[in-house]
Amino acid sequence: MSLAPAFTIPDAMGMRRAMGRFLTGVAVVTTKHDDELYGMTISSLTSISLEPPILMISLNFGTRTGEALMASGKFAVSILGAKQESVARRFAVRGGDRFSEGDFDVTDSGLPVIKGALAQADCTVVQQYDVGDHQVFFGQVTTCRDRDGEVLAFKAGRFGSFSDFGHAEIPWMF
């Protein structure tokens, strides 16, 4: 029997490695400010409330998307499918025109969302907090839609897909 590693106080890379073990989905968050479009790939997306519907996203300080989102007070989220890795990579790179390629739909509030994404949500910021090295935004979902498909997954710096065990679906309402 091998011994588990000792608990240590994590540095930034230790924290990144530990949290990299958590499988997440991949999304693109977009916003618009002064007629300019902004967007970035995120894996820090959480459904916080169903009534009212509220999502939470977290962005590093100093991102152009975060600054534009603060100014505009609105954002859209596109949850990517397994065949949209190239979209995730394009929106993950610093700089460049992320909107010059690809297909987009537009939400009722005028924000671009990734065409063919598994889910899309249009949100209005209801609260924002600075926590550690991130800006955390809570957005009330004003409209959303979804479709079936395989999700794009992210774990330990790699993209992949998710396979379920074939069990019956667990009911969300208890």
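Student: Why is T107 called buried in this predicted model?

Tutor: The relative accessible area of T107 is 13%, and buried means under 20%, so T107 counts as buried. T107 sits in the loop between β7 and β8 (112–114), where, not counting residues up to four places away in sequence, T107 touches A76, V113 and D122.

Student: What makes D105 and K115 a salt bridge?

Tutor: The closest N and O atoms of K115 and D105 are 2.8 Å apart, and a salt bridge asks for a side-chain nitrogen of Lys or Arg within 4 Å of a carboxyl oxygen of Asp or Glu, so the pair qualifies. K115 lies in the loop between β8 and β9 (119–131) and D105 in strand β7, so the pair ties together parts that are 10 residues apart in sequence.

Student: Are D105 and K115 buried or partly exposed?

Tutor: D105 has a relative accessible area of 18% and is therefore buried, being under the 20% cut-off, whereas K115, with 41%, is partly exposed.

Student: How do you know that D105 also forms a salt bridge with R145?

Tutor: The closest N and O atoms of D105 and R145 are 2.7 Å apart, which is within the 4 Å limit. D105 lies in strand β7 and R145 in strand β10, so the pair ties together parts that are 40 residues apart in sequence.

Student: Why is R145 called partly exposed?

Tutor: The relative accessibility of R145 is 48%, and exposed would require over 50% while buried would require under 20%, so R145 falls in between. Leaving aside its neighbours within four places in sequence, R145 is in contact with D105, L118, A119 and Q120.

Student: What makes E85 and R89 a salt bridge?

Tutor: Their side chains meet at 2.8 Å, N to O, again within 4 Å. E85 and R89 both lie in helix α3, four residues apart, about one turn of the helix. E85, at 30% relative accessibility, counts as partly exposed, and R89 is partly exposed with 48%.

How values were computed. Residues numbered from 1 in each chain as written. Predicted model: local features only at pLDDT ≥ 70, side-chain atom pairs only at ≥ 80, totals over all residues. Heavy atoms only, no water. Contact = heavy atoms within 4.5 Å. Helix = DSSP H or I, 4+ residues; strand = E, 2+ residues; numbered from the N terminus. Buried < 20%, exposed > 50% of the residue type's maximum accessible area, 1.4 Å probe, protein only.
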